[in-house]
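Student: I have a new model open and want to learn how to read it. Can we go through it feature by feature?

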Amino acid sequence: MDATTLRGLLQQRDLHLRLALAEDELDTGALDAPVRWVHGSDLADPTPFLADQLVLLTTGTQFGDDDADIEGYVQRLQQHGVRGLGFGTEVVRAGIPPRLVEACRAARMPLFEVPYRTPFIAIARAHTEAIAAQAYARRSWALAAQRAIALAALRPDGLSATLAELARQLDAWVGLFDAAGVLSREHPAGALDAATAGALGDEVAELLRRGVRAGSSFDVDGTPFTLQTLGRGGHLRGVIAIATSDLDQEGRGLVTSVIAMAGLALEQGDGL
């Protein structure tokens with residue numbers, strides 16, 4: 001259960017949160033978008049003090065008895081990138097104001113009920129603990145992946161084994177192009193169709209033609225690729241291509257290690 005998303009928070013049974021809108025009334029993926037922070041405010045316009053990708057909690061005291069400017073309030077939150085709105089019931093209002101429900105429905109913004117027995121700080125704490133757990137899990141993964149890459153490099157065909165291990169760790173296609181722009185190794189083999197392979201080869205050839213160390217990202221029919229040259233500027237040895245562009249800090253660190261190993265292996269092979 002990933003509590004770093006709104007869906008994850010809603011699924012934590014001890015918080016007793018309830019989504020006030022049907023999921024098909026929300027923007028696609030709204031419940032699964034990453035949430036950076038959870039914050040509580042009853043200001044009429046809290047947006048000057050909010051970061052984006054945030055879930056806001058409120059008791060509704062800012063609306064008054066006539067629910068004035070609820071539509072404008074929701075629009076301001078949406079324009080500021082707020083991921084969702086939690087309304088604390090039975091504090092100053094019995095239930096969620098119907099106008100707030102309609103305003104969130106019109107904006108397709110997630111709205112959920114926070115019952116009186118659930119303090120706002122419990123929601124913020126659950127989210128913070130989930131962020132910490134996720135960070136720890138990624139660091140642990142990075143250490144294990146680095147060890148696996150190092151062991152792969154010791155095998156008889158260390159370069160091929162290293163690329164295969166990188167593909168396994170990232171769960172993505174990985175290919176190695178030589179200095180002439182020819183795909184010499186790929187894992188898993190044959191995973192790219194002819195059109196994608198052709199477009200990828202053209203991009204690799206352009207990188208090699210420039211002759212300078214560089215990295216680039218591009219997209220082929222919805223498939224993202226990250227490219228990184230190997231070797232010294234003016235004397236490139238090839239290019240590593242990875243079928244992903246969404247790498248976090250740990251993933252980038254792992255790729256950097258493999259690039260260094262591959263560059264060294266190609267330099268040593270040329271020397272021999």
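Tutor: Begin with the salt bridge: a side-chain nitrogen of Lys or Arg lies within 4 Å of a carboxyl oxygen of Asp or Glu. This is a predicted model, so local features need pLDDT of at least 70 and side-chain atom pairs count only at pLDDT 80 or more, while totals for chains, interfaces and linings use all residues. Residues are numbered from 1 along each chain as its sequence is written, and side-chain values use heavy atoms, with hydrogens and water left out.

Student: How many salt bridges does the structure hold?

Tutor: It holds 15. One joins the side chains of R209 and E206, at 2.6 Å from N to O. Both sit in helix α6 (residues 194–210), three residues apart, so about one helical turn separates them. Helices are DSSP runs of H or I with at least four residues, strands are runs of E with at least two, and both are numbered from the N terminus.

Student: Is R209 buried or exposed?

Tutor: Exposed, at 59% relative accessibility.

Student: Which parts of the chain does the pair R99 and E71 link?

Tutor: First the bridge itself: the side chains of R99 and E71 meet at 2.8 Å, N to O. The pair links distant parts of the chain, with R99 in helix α3 and E71 in helix α2, 28 residues apart. R99 is partly exposed, with a relative accessible area of 34%. E71 is partly exposed too, at 34%.

Another salt bridge joins D157 and R185, at 4.0 Å from N to O. D157 is in the loop between α4 (120–153) and α5, and R185 is in strand β7 (residues 183–187), 28 residues apart. D157 has 40% relative accessibility and counts as partly exposed. R185 is partly exposed at 27%. Salt bridges also link R7, E23 and D32 into a network.

Student: Which residues of α2 are buried?

Tutor: In helix α2 (residues 70–79), I70, G72, Y73, V74 and L77 are buried. Their cover includes β3 (54–58), β4 and α3. Just after α2, G81 takes a positive phi of about 85°.

Student: Now the strands. In what order do they stand in the open sheet?

Tutor: A general point first: strands of a sheet pair through backbone hydrogen bonds, either parallel or antiparallel. Here pairing needs at least two DSSP bridges between two strands. Five strands form the open sheet, in the order β1-β5-β4-β3-β2, with mixed pairing. β1 (18–19) and β2 (37–40) are at the edges with a single partner strand each, so one side of each has no neighbour in the sheet. β4 and strand β5 (residues 111–114) run parallel and are joined by four bridges. F87 has E113 in β5 as its bridge partner.

Student: What do β8 and β9 form?

Tutor: A hairpin, with two residues between the strands. D221 in the turn has a positive phi of about 50°. Strands β8 (residues 215–220) and β9 (residues 223–232) pair in the antiparallel sense over six bridges. D219 stands opposite P224 in β9. β8 has a covered face of S216, F218 and V220, and an uncovered one of G215, S217 and D219.

Student: How do I read a ring pair?

Tutor: A pair of aromatic rings is described by the distance of the centres and the angle of the planes. Rings of Phe, Tyr and Trp (its six-membered ring) pair if their centres lie within 6.5 Å; planes under 30 degrees apart are stacked, over 60 edge-to-face, and the rest tilted.

Student: How many aromatic pairs does this rule give?

Tutor: Three. The ring centres of W173 and F225 are 6.1 Å apart and their planes stand at 85°, so this pair is edge-to-face. W173 lies in the loop between α5 (158–170) and β6 (174–178) and F225 in strand β9, so the pair ties together parts 52 residues apart in sequence. Both W173 and F225 are buried. The rings of F218 and F225 have centres 5.8 Å apart and planes at 25°, so that pair is stacked. F218 counts as buried at 17% relative accessibility. F225 is buried at 0%. Ring pairs link W173, F218 and F225 into a cluster.

Note on methods. Buried means under 20% relative accessible area, exposed over 50%, partly exposed in between (1.4 Å probe, protein chains only). Contact means heavy atoms within 4.5 Å.
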